[in-house]
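Student: Hi! Could you help me get to know this protein?
Tutor: Happy to, so let's look at it together.

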Amino acid sequence: MERTQINEILEESDRFIRSFGYVLPPFAYWSPEEMRTRTAGDAALVLANRLGWDITDYGQGRFDELGLFLFTVRNGSADDLARGQGMLYAEKIMISRQDQLSPMHRHNIKAEDIINRGGGKLVLELFASAVDGSVDPDATVSVLTDGVVRTFEAGGRLALDPGESVTLMPGVWHAFWGEGGDLLIGEVSTVNDDLTDNVFREPIGRFSSIIEDTAPRHLLVSDYDNWL
C-alpha cells in the first residue's frame, strides 16, 4: 500500500467513526514526531502494548477487496496474561467496508467479542478446529451470540445486525465482511497479540508492505519498530 492511500484511509476512517458518536483517544492524533517523544517518556505503554492505528491489506495489495481498518484503544500485556492478573483485556474499533473480506483465521489464545456497532450487517463464516488446529470441514461449530448459544454446520454464516455480537473462543475459525454498507465493528477481547496469535488458513501476512511516497500523517502500529 502507498502511504498516500494510508493517509486517506486514516482521515476517512476517523470521520466514519465519529459519525457514530465514537471518538478516538488523544494519542490517536499525535504526529510521528510527538509519538517519538511521548513513547520515550510518559506514554511508553502506547508503544509497548501496540496501541493505535492499524490498516492492513494482508500483504496482498487489494485493500478494497481484502483488508480491514483497526484501531487498538487499549491492551494489556502478555506478562499480565501469563500471571493471570492485571490488565487482561483489550479493545479495538474496526471498519469493514461493504464486501471487504477479512480472511479466514483463528487465534491460539485470544477470546473475543465481535460487535456490530452500526452500518450494514456483519457476516461471519465459521468453522471448528480439527485436532491439529486446521479447519475442520465437517464438524459443527457453536458460538455465543449475546449470551445465546447457536450452532452452525461447518462453513455456516452468521449475520449480525447493529447492536448484535458474537463471542469467539480460541480455535474458532472465522472470516467476516460487511453486507449492505460499510460497517463499524467493536472488539472486546483478552490481551491482543497481532504478532504471534493470528493463524491464517491461507499463507498471507497480517500487515501491509508500505511504499513511502509521502510522509505519514500518523504512524501505524506496524510502523513502530522502524520509525521509533
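Student: How do the residues lining the second largest cavity divide into nonpolar, polar and charged?
Tutor: That lining has three nonpolar, one polar and four charged residues. Here Ala, Val, Leu, Ile, Met, Phe, Trp, Tyr, Cys and Pro count as nonpolar, Asp, Glu, Lys and Arg as charged, and the others, Gly among them, as polar. A quick note before we go on: this is a predicted model, where local features need pLDDT of at least 70 and side-chain atom pairs count only at pLDDT 80 or more, while totals for chains, interfaces and linings use all residues. Residues are numbered from 1 along each chain as its sequence is written, and side-chain values use heavy atoms, with hydrogens and water left out.

Student: Okay, which residues line the second largest cavity?
Tutor: They are Tyr22, Glu91, Lys92, Ile93, Arg117, Gly186, Glu187 and Val188. Strand 3 and strand 10 each give at least two residues to this lining. Helices (H or I, at least four residues) and strands (E, at least two) are DSSP runs, numbered from the N terminus.

Student: What counts as a cavity or a pocket?
Tutor: Both are found on a 1 Å grid over the protein atoms alone. A cavity is a set of points where a 1.4 Å probe fits but cannot get out, and a pocket is an open set with protein on both sides within 12 Å along at least five of seven lines. Lining residues have an atom within 4 Å of a point.

Student: How many cavities of 30 Å³ or more are there?
Tutor: The search of the whole structure finds two.

Student: What about the lining of the largest cavity, which residues are closest to its centre?
Tutor: Of its 17 lining residues, those are Leu68, Leu70, His105, His107 and Asn198. Strand 10 gives the most to this lining, with three residues. By class, the lining has seven nonpolar, four polar and six charged residues.

Student: And which residues lie nearest the centre of the largest pocket?
Tutor: Asn49, Arg50, Asn75, Asn192 and Asp193 do, out of 16 lining residues. About 230 Å³ of space lies in that pocket.

Student: Where does Arg50 lie?
Tutor: Arg50 is in the loop between helix 3 (44–48) and strand 1 (52–56). Arg50 has a positive phi of about 55 degrees, although it is not a glycine. Most residues other than glycine have a negative phi. Asp99 also has a positive phi, near 65 degrees, and lies in the loop between strand 3 (89–96) and strand 4 (102–107).

Student: New topic! Which residues have the most contacts inside the largest nonpolar core?
Tutor: Ile17, Leu24, Val46, Trp53, Ile55, Phe69 and Phe71, in a core of 27 residues. The largest share of this core, five residues, comes from helix 1. A nonpolar core is a set of buried Ala, Val, Leu, Ile, Met, Phe, Trp, Tyr and Cys residues joined through side-chain atoms within 4.5 Å. Buried means under 20% relative accessible area, exposed over 50%, and partly exposed in between (1.4 Å probe, protein chains only).

Student: What does Leu24 contact?
Tutor: Leaving aside neighbours within four places in sequence, Leu24 is in contact (heavy atoms within 4.5 Å) with Asp14, Ile17, Tyr29, Trp53, Phe71 and Ile93.

Student: How many bridges join strand 6 to strand 7?
Tutor: Five, and the two strands run antiparallel. Two strands pair if DSSP finds at least two bridges between them. Ser142 has Thr151 as its bridge partner in strand 7. The strands form a hairpin with two residues between them, and Asp146 in the turn has a positive phi of about 50 degrees.

Conventions:
Points joined across faces, edges and corners; volume = space filled by probe spheres on them.
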